[in-house]
Amino acid sequence: MPRTVYYLLVALCPFAGGCGGPSDEFTIVVVPKGMTHEHWQSVRRGAERCAADLAAEEGVRVRVIFDGPLRERDAMEQIRIIDRRVATGASGVLLAPQHSKTMTACVERAAAAGVPVVIIDSGLADPYHYVKYVATDNYHGGRLAAEHLIRELKKQGKEKPRLILFRYAVGSESTEQREKGFEDGVKQLCPEAEWLSTDKYAGATRDSAMREAGPLVLQFKDQVDGIFAPNESSATGMVDVLRSQGLNKKVLVMGFDASKPLLQAIQEGDIVGSILQDPYRMGYLSTWCCVRYLLGEDVNEGRTQMELSTGEVLVTRENVTADSTLGLFNPDYQGRRVIEKPRFPKRVAGRGGER
Amino acid sequence: MTSPRLRMTGIRKSYGPTAALRGVELELLPGEVHALVGENGAGKSTLMKVLSGAEQPDAGAMELDGTAYRPDGPQDARRRGVAMIYQELAICPDLTVEANVLLGLESAAAGFLRKGTDRGRVRRALAELGHEEIRPEDPVADLTPAARQVVEIARALLTDVTLLVLDEPTSALTQEDAHRLFDLVRRLKGQGVTVVYISHFLEEIEAVADRFTVLRDGQAVGSGVVGQVPHDRIIELMVGRAVDEQYPRTPHTAGGPVLELTNLAGEVLPQNASLTLHRGEILGIAGIVGSGRTELLRAVYGLDPVRRGSVKVHAVVNSAATPVERIGQGIGLLSEDRKEEGLALEQSLSDNITLSRLSPFSTWGVLSRGRLREAAESLLRQLNVRHRDPDQMVGELSGGNQQKVAFARLLHQDADVLLLDEPTKGVDVGSKAEIYRLIGRLAAGGKAVLVVSSYLPELLGICDTIAVMCRGVLTPARPADQWTPEQIIAAATGG
Amino acid sequence: MTSLSPPDTTASPAAPRPSSLPAGPWVGFAAVLALFTLLIGIRGGLATFLSVGNLEVLIHEGTIPAIVGLGMLLVLISGGIDLSVGAVVALVTVVTMRVYTTLYQQWGPVAQSSLIAVGVGVAVGGLCGLMNGLLVTRVSLPPFVATLGMFGIARGLAVWLAERTTLAFPDGATPGWVAALAKTSFANPGLWSLVLLALLIAGLLHLTVLGRHIYAVGSNEATARLCGVNVPRTKVLVYTLSGLLTGWAGIVMFAHSNSGNPTLGEQLELDVITAVVIGGASLGGGKGTVVGAVLGVAILGLIKNGVSLFNVPVEMQYILIGVLLLANVALNRWRRDRR
């Protein structure tokens with residue numbers, strides 16, 4: 001009989017990874033929109049790196065738990081995770097809300113339970129119950145895209161370029177910001193540019209983007225000089241169509257975000273550039289803000305500075321293989337980065353406190 | 001002459017093109033036990049379904065105690081005092097005794113059960129039947145078949161029953177239970193209840209019934225007082241012709257041994273069985289239900305495990321074999337449980353017949369439906385099975401014809417050794433004779449036949465040799481003419 | 001009579017049964033609790049696992065499947081199955097939000113508008129159930145097929161009514177009861193509605209004629225019909241009740257998710273059927289109790305909770321549930337055969 005018990009214990013050992021027990025000072029739960037996307041893995045690595053830095057530099061022990069819905073569209077599960085973690089002793093929560101409005105209630109409940117929430121990646125409609133919003137400035141990213149595209153077109157001597165804005169989808173907050181930034185940037189830098197099309201939507205996948213891009217390119221192939229596609233799937237879908245029509249490199253395409261095929265297209269010159277987000281920094285800074293808040297610091301200057309941008313990086317053929325670019329998504333290069341940390345003052349009683 | 005309890009006039013009922021009832025006239029008197037006899041398919045069940053409200057007649061009228069009676073469902077019939085006990089027990093196995101007895105008759109206040117009142121009613125009904133030992137709160141699943149039947153009868157007693165229909169009530173009962181049932185029927189009769197008693201056993205009818213009516217082809221062809229009409233005459237009425245011989249014999253002689261069992265024992269039953277079966281021999285195994293006869297056949301056929309002893313087929317000892325191997329050795333089994341095991345009732349006649357040997361009809365695994373049908377049709381003709389066409393579902397046939405289909409499969413399989421378990425169970429008199437003739441023909445053709453039967457006259461009538469099983473132990477076989485019925489019963493009960 | 005029968009082997013009084021094993025669901029519950037207590041105890045998270053807060057979470061998350069489970073229990077006992085519940089829950093959230101938003105914008109008062117919307121939502125659930133019942137009885141469709149059809153229709157309607165998006169509350173017009181229902185707490189009215197409904201369903205099953213007939217229909221439909229039970233009416237009632245319960249679960253989901261969302265409740269039907277079967281109900285009908293169904297939901301909730309909170313690999317959740325389901329049904333079969 002004792003032997004049976006022994007085997008049982010041996011069998012259980014794989015599950016009993018950290019036998020240390022929760023003696024950490026803070027438990028930070030990172031709740032992404034989904035688990036599988038590479039983007040979220042970078043966020044997780046950033047958060048864990050921040051925890052390691054905090055322990056090394058200040059001796060603040062932070063445990064990072066990465067817990068999100070298995071499926072990106074499982075709206076109920078994200079709410080469940082927040083409630084579950086708040087009830088079982090999380091110190092703080094980093095949340096990438098799946099929906100800007102429906103997620104407000106659980107954030108409010110977390111705040112009521114005294115658990116600070118840092119919103120990451122996408123906005124939340126209710127600004128009163130979280131402590132910081134750490135995300136890419138998509139509008140700014142759109143402007144960067146406009147600057148680069150206009151610059152490249154002018155290099156080719158096209159002073160009055162004819163442009164296509166290949167939109168992503170109706171009601172998608174982040175890409176709409178990018179599109180707006182791009183439009184505003186073009187208007188400011190090159191008011192004489194001509195818009196051939198601004199009302200076509202790529203849809204959610206590379207396939208749908210190809211279906212939409214096909215007729216568009218066919219219609220304007222003799223006129224178009226430059227195209228902006230505001231995310232990964234719309235950009236790659238557009239490039240696929242241009243390649244099939246033999247228009248690649250003749251028409252300049254500006255993209256947003258990265259993927260293997262997209263980076264390869266930049267290297268081959270089929271895409272003139274893309275704006276990359278910095279999810280590693282997003283994970284790092286949001287964890288940092290959350291812990292600073294827990295340590296009694298005023299991370300939002302009395303609720304006047306709610307937003308913190310994680311930066312947007314222009315990637316072109318010149319820097320696509322540079323260490324700084326690789327540091328945006330490659331785990332090895334991420335580990336070598338040094339992230340500059342913002343400093344905050346102590347919270348003053350009656351000021352900067354929540355509620 | 002008292003006025004009748006029930007009068008049926010010109011009852012007709014058709015299912016599609018087949019007319020089940022063709023103008024039945026029937027009169028039942030108060031306080032009589034009236035036997036309804038007839039071959040399977042004669043229309044007895046349909047007639048009783050009409051009586052108990054489960055089916056609506058196409059034409060005709062019924063009168064109950066002088067007033068028009070036309071129930072629109074079983075519930076309505078029960079309210080009028082007409083209840084029926086079905087041959088296939090109508091029981092909800094997951095419910096308690098109480099819930100089963102009360103089903104459809106629960107007393108309630110605003111939809112809520114009045115459990116106290118109801119339990120009393122159930123107890124009284126069970127006591128009235130002399131079965132106080134059945135506890136109302138026990139699940140029916142735990143009861144024996146006999147006790148389940150008591151539950152059903154108790155259900156009938158819960159209403160003020162004036163007319164009770166019992167359809168083959170003893171088929172699942174032991175002899176003792178059957179006798180208790182007869183007592184009960186007599187008691188009900190004494191209380192003025194009219195009982196309709198459906199049975200294949202003329203002996204039972206003689207024991208319990210006052211009058212009888214014979215049904216044939218959907219019509220009442222004769223009735224009379226029990227005891228005043230000889231058996232032969234009743235059988236003649238049932239089959240519509242004189243049955244020349246009840247147990248026809250075809251001359252046959254025994255040849256060499258084909259199946260030898262030596263001290264065979266199974267998991268529980270049988271415990272020790274030895275016999276030698278020869279070509280052209282019909283060997284009967286007598287014994288009481290549960291003595292291990294069915295288990296013996298199943299062990300030989302490879303359906304149940306063999307624990308000790310040996311099975312020798314065609315001089316090859318191969319004690320533990322699977323049914324597939326046994327079929328390969330030329331052994332065929334006719335199951336006792338035709339409905340559950342013997343036949344696939346929802347499959348066609350041709351599929352059922354050819355299932356055990358499809359190879360003659362397949363080329364590279366592809367079946368030829370045409371040849372398969374032809375073969376089936378020829379067997380069906382040969383066995384005189386009443387059917388429409390070979391693609392018809394087996395379930396549509398009467399019991400006797402179903403059994404012939406099961407035989408047809410054995411013939412198609414071309415088995416040398418036939419293990420027949422209760423070959424005439426649920427089979428009408430006319431078909432029985434045909435089956436006996438068939439068994440005789442098979443023996444004459446050199447087949448070896450092992451027959452298990454609970455019906456002693458049958459074994460004595462058709463077998464060459466008989467062995468008796470008692471508590472799992474088989475006596476040596478003796479020629480049939482050296483046994484008397486009394487000796488067999490004594491051997492079977494260990495007396 | 002010359003036929004041979006044994007002297008007397010039957011109809012003896014049913015002997016007092018040996019003290020029966022603890023019922024399957026209890027065994028399962030104890031096993032899962034023990035397993036996780038051990039696993040989590042080794043890692044040192046026991047205080048969290050067995051905390052009041054976590055108990056609140058467990059109960060909170062179990063409310064919806066338990067309410068749906070009560071309806072599924074009725075359906076399974078009657079010998080049917082309902083695959084449409086997940087889709088109906090989603091449809092109810094969407095309809096409720098649509099009705100509420102329209103009333104609020106056209107009319108005004110938050111409380112009245114939301115209560116009317118709740119009424120409509122529950123009624124939609126009941127209507128789906130009624131349709132299921134009529135398809136099963138009037139059209140004689142097998143329940144599997146009828147409710148599979150309803151599953152598709154309800155999911156499609158939900159997506160269409162929501163115009164393929166998630167519907168949120170109009171700004172600043174979230175009714176107060178929504179927050180109350182969504183709060184993880186013992187005082188949650190959703191939880192108390194579950195307690196009340198469980199008692200009602202238990203009473204229905206064991207104290208009323210309808211309950212008796214539901215068991216009878218599931219146990220042996222032919223017998224029930226012969227005994228004068230109105231089988232079609234019983235079935236229609238069962239599916240309608242299940243629909244109404246699902247409708248109420250949809251309202252709770254509406255509050256929990258703070259939205260009308262056509263993608264909610266995916267695979268809820270499978271979770272609930274699994275839970276109720278683990279709780280001792282049989283797909284063959286005639287069996288099942290409220291206590292078992294609630295325990296089944298609790299077991300599933302416990303597994304998900306333990307797996308989620310203590311970083312046991314997620315795939316363990318599915319494996320455990322599968323093993324438990326098979327073990328439970330096998331155990332029931334074994335106990336039955338032993339009798």
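How far apart do the closest C-alpha atoms of chain A and chain B lie? The answer is 32 Å, and no contact joins these chains (two residues are in contact if their C-beta atoms, placed from the backbone, lie within 7 Å). Before going on, some housekeeping. Residues are numbered from 1 along each chain as its sequence is written, while chains are lettered from A and ligands numbered from 1 in the order in which they are written. This is a predicted model, where local features need pLDDT of at least 70, side-chain atom pairs count only at pLDDT 80 or more, and totals for chains, interfaces and linings use all residues.

Two pairs of chains are in contact, and chains B and C share the most contacts. Where chain A meets chain C, 25 residues of chain A touch 32 residues of chain C. On the chain A side, helix H3 (75-87) and helix H4 (104-112) each supply at least two residues, with H3(A) giving the most, seven residues. Helices here are DSSP runs of H or I with at least four residues, strands are runs of E with at least two, and both are numbered from the N terminus.

Chain A itself is split by an automatic or database domain assignment into domain 1 (23-136 + 279-310) and domain 2 (138-276). Their C-alpha centres lie 32 Å apart, and the contact between them takes five residues from each.

Over in chain B, look for an open, antiparallel sheet of four strands in the order S14-S13-S16-S17; strands pair if DSSP finds at least two bridges between them. S14 (273-278) and S17 (316-317) of chain B sit at the edges with a single partner strand each, so one side of each has no neighbour in the sheet. Helix H9 (residues 293-301) of chain B packs on this sheet, touching S13, S14 and S16 (306-313) of chain B, and its direction makes about 115 degrees with that of S13(B). Those angles run from 0 to 180 degrees between N-to-C directions, with axes being lines fitted to C-alpha atoms, for helices over the stretch in contact. Five bridges join S13(B) (residues 257-266) to S14(B), and B:Glu260 stands opposite B:Thr276 in S14(B).

Finally, chain C. Its helix H3 (residues 52-77) has a kink of about 45 degrees at C:Thr63, shortly before C:Pro65; the bend is the angle between axes fitted to the seven residues ending there and the seven starting there. After H3(C) comes C:Gly79, with a positive phi near 90 degrees.
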